Amino acid sequence: LYSSAASDVYKRQEQESFDVIVSDMKMPLMDGAAFLGEVMKKYPRIIRIILSGYSEQETISRVVNIAHQYLAKPCNPEHLISAIRRAGHVRTLLANPELRDLTASLQTVPSIPSIYRELIEEINSENASLREIGRIVSQDTGMTAKILQVVNSAFFGLRNQVVDPGMAVNLLGINTIIALVLSLHVFSQFTQALPEGLSIERLMDHGLGTAALAKQFSRYYSTDANMAETAFFAGLLHDIGRILLAGNRPEEFLRMMEMKRKQGMNELEAERKVWGSTHSEVGAYLLGIWGLPDEIVEATAFHHTPGNSKVKTFTPLTAVYLLSLIHISEPTRLR
């Protein structure tokens, strides 16, 4: 749907269901950012894509918390069609409409408080370093996911997708990073009190440990240097669905874990009993609608069921699947 008036969309949405809305930034009745903001409130499950010919800084500041994907004008029709088809395909990953609403309405994934504070301190320091900011971001699942979403938007005209948040930080520059963190609040620290026995830090540590080992494993089995980097960040992000479910549905998450323990279910079976979907599907859905690279979305979607992937050669999914099975009690924080 390409529309110029929110009222028209609301009327038509009552009659038929839309999966994706594409809006121009400049429209006669209201601008695209305001329009998609209203769509997000009223129909959070619709995937929102913005088209803009404005400068990167100006557009990002308006839509970073509203649109799932940002396409630059002039936009090749094939590129637009591909983005819409990919978004529509991603919707098939998540069967539960409630979880689809939850995931599609997320503006960011909360970060570990200690890492968030470290980032704020670095940004506010007199000699703020992009290299240090990149290092901090790459230690946190939520920060990594969001920064990759921003930099892989078409605004930057990159020929290849970026999988390294350190590189992403350098491409964005210090002023954009400061705006994202301090003015637009794109990153936020996790402040919700969780039930005893549930630790977001532990979940993120598992991802970081898997990432470090997946990188080493890929270096050993593949001569492609880029694959090792992709494997690292695929490992870091592969359990983002667990973090979303634990953070937004903590009581249900604990019930799922108890069901798994008492009834001898595997985790995916227990998750389907509780939510009708799995953490793999939730994570892949979020990363997919954010437009992250296919290799990372695939590793997230199939890290428990690699046989469901159509790709049968060695990929980051291979490394993440094997190494996520290892229980990591004290994961390294070094890349």
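Q: How many bridges join E2 to E3?
A: In this predicted model, E2 and E3 are joined by 4 bridges, and the two strands run parallel. One of the facing pairs is Ile49 with Gln69, the latter in E3.

Q: And what about E1, how many bridges join that one to E2?
A: There are 5 bridges between E1 and strand E2, which covers residues 47-52, and these two also run parallel. Val22 stands opposite Ile49 of E2, while Asp24 stands opposite Leu51 of E2.

Q: So in what order do the strands sit in the sheet?
A: The order is E1-E2-E3, in an open sheet of 3 strands with parallel pairing. Strand E1 (20-24) and strand E3 (69-72) are the edge strands, each of them pairing on one side only. From one strand to the next, the twist averages 20 degrees.

Q: Which helix makes a β-α-β unit with E1 and E2?
A: That is helix H2, residues 32-42, and the unit made by E1, H2 and E2 is right-handed.

Q: Back to E2, why is it called largely enclosed?
A: Because 6 of the 6 residues of E2 are buried, the strand is largely enclosed by the rest of the structure. Ile47, Ile49 and Leu51 point one way from E2, whereas Arg48, Ile50 and Ser52 point the other way, and all are buried.

Q: Changing topic: is Glu267 buried or exposed?
A: Glu267 counts as buried, because its relative accessibility is 10% and buried means under 20%. Glu267 is found in helix H15, residues 267-275.

Q: Which residues is Glu267 in contact with, leaving aside neighbours within four places in sequence?
A: With those neighbours left aside, Glu267 is in contact with Arg242, Met256, Met257, Lys260 and His279.

Terms used: Residues are numbered from 1 along each chain as its sequence is written. This is a predicted model: local features need pLDDT of at least 70, side-chain atom pairs count only at pLDDT 80 or more; totals for chains, interfaces and linings use all residues. Side-chain values use heavy atoms; hydrogens and water are left out. Buried means under 20% relative accessible area, exposed over 50%, partly exposed in between (1.4 Å probe, protein chains only). Contact means heavy atoms within 4.5 Å. Two strands pair if DSSP finds at least two bridges between them. Axes are lines fitted to C-alpha atoms, for helices over the stretch in contact, and angles run from 0 to 180 degrees between N-to-C directions. A crossover is right-handed if, with the strands pointing away from the viewer, the path from the first strand over the helix to the second runs clockwise.
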